[in-house]
Amino acid sequence: MRFPRYEVREEIQIGKLISCFYFELSKNYRYAGEKHDFWEIFYVDKGEIEIDTDSGHFNLKQGDLLFHEPDEFHSPKSNGKVSPNVFIVTFECESEPMSFFLKHKLFHLDDKIRPVLARLIEEGWNAFGPSPAGSGRILYPRDNAPFGSEQLFKLHLETLLIYLIRASHEERDIKSPPVPRSKQESGMADQVIGYMNEHIGDNLTLDMLCDHFAIGRTQMSIMFKKRVGCGVMEYLNQLKIDRAKTYIREDVYNLTEISELLGYSSVHYFSRHFKKATGMTPSEYAKTLSAGYARIVK
């Protein structure tokens, strides 16, 4: 028996990738601007940033994503107060549905689409490594990249575009469905994370967090692993490093004051912890800001 073949319809196909960057920008970052003949996605992972474009002026905050169409001028700058982390992808795509983004440029990602963006960032790290000296912003494949990482990056990018277009056409139900247990656990994990951020300098322990939220150690650990993919204290340590980077980029406190704000016993211990997590000391990290930004080194 001969089975007919069904040819899958692909609404959006990415032709070529141009660049993929994750930047930690200083609070005084300014860029004169540029325009190019390909698409650009500009996502604010943390903080705030302003962008002037041919389409208007945009004040972007955490979770906001802005499209730059081909040949559209755009000039980003920090607001002098908050140090932003931004993720930028540029690419060629001639698929007709991309015309949607000529009129719809600014999005705030919800809980459904944000994980797609997170996977895109992660796969970008897996696929592309530091560019060789003198190659500028050209994409360069990472040595020993996981199998299929470039293809997965392309698929995640196409998925993101499809979800953004689809979301604009979906009608939202007036009635809210029951919250499943996984959502409840995710909400509790977010409460714990919020508490960590508010008490980041208080030398929190796992037992202290469990007591405060009336949760057992095992349940807390499982819940956190599901939510963020790592242990509770590992996540807390990463929060401290991220906060330290922000303090350094905002240039309000010296290193001794930063170590005290984050609950370290000494600036020397803080420096060792920072270097273990980032591969550079706080002083070395500060020097990378001389050009206005620090590129992520994972």
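Before the details, a word on conventions: residues are numbered from 1 along each chain as its sequence is written, and side-chain values use heavy atoms, with hydrogens and water left out. Since this is a predicted model, local features need pLDDT of at least 70 and side-chain atom pairs count only at pLDDT 80 or more, while totals for chains, interfaces and linings use all residues.

Let me begin with the salt bridges, where the rule asks for a side-chain nitrogen of Lys or Arg within 4 Å of a carboxyl oxygen of Asp or Glu, and by which the count comes to 9. I will also speak of burial, with buried meaning under 20% relative accessible area, exposed over 50%, and partly exposed in between, for a 1.4 Å probe and protein chains only. Helices and strands are DSSP runs numbered from the N terminus, helices being H or I of at least four residues and strands being E of at least two.

One of these bridges joins Glu24 to Lys245, with the closest N and O atoms 3.1 Å apart. Glu24 lies in strand β1 (residues 16-25) and Lys245 in helix α7, so the pair ties together parts that are 221 residues apart in sequence. Both ends are covered: Glu24 is buried at 3% relative accessible area, and Lys245 is buried at 9%.

Another bridge pairs Glu69 with Lys105, the closest N and O atoms being 2.7 Å apart. Here Glu69 sits in the loop between β5 (64-68) and β6 (74-77), and Lys105 in the loop between α1 (100-103) and β8 (106-108), so that parts 36 residues apart in sequence are tied together.

Now to helix α7 itself, which covers residues 232-250. Its 19 residues reach 27 Å from the first C-alpha to the last, close to the 27 Å expected at 1.5 Å a residue, where the expected span is 1.5 Å times one less than the number of residues. Directly after α7 comes Asp251, whose phi is positive, near 55 degrees.

Asn144, with phi near 60 degrees, lies in the loop between α2 (114-127) and α3 (149-169) and is exposed at 81%. Asn203, with phi near 55 degrees, is found in the loop between α4 (181-198) and α5 (206-213) and is partly exposed at 47%.

Which residues gather in a patch of negative charge on the surface? They are Asp37, Asp71, Glu92 and Glu94, where a patch takes residues with over 30% relative accessible area and no salt bridge, like charges being joined within 9 Å. Of these, Glu92 is found in strand β7 (residues 85-92) and is partly exposed, with a relative accessible area of 34%.

Key:
Patch = residues over 30% accessible without salt bridge, like charges linked within 9 Å, V, L, I, M, F, W, Y side chains within 5 Å. Areas by Shrake-Rupley, 256 points an atom, 1.4 Å probe, with all protein chains shown as cover. Lys, Arg positive; Asp, Glu negative; His and termini not counted. Charge placed at Lys NZ, Arg CZ, Asp CG, Glu CD.
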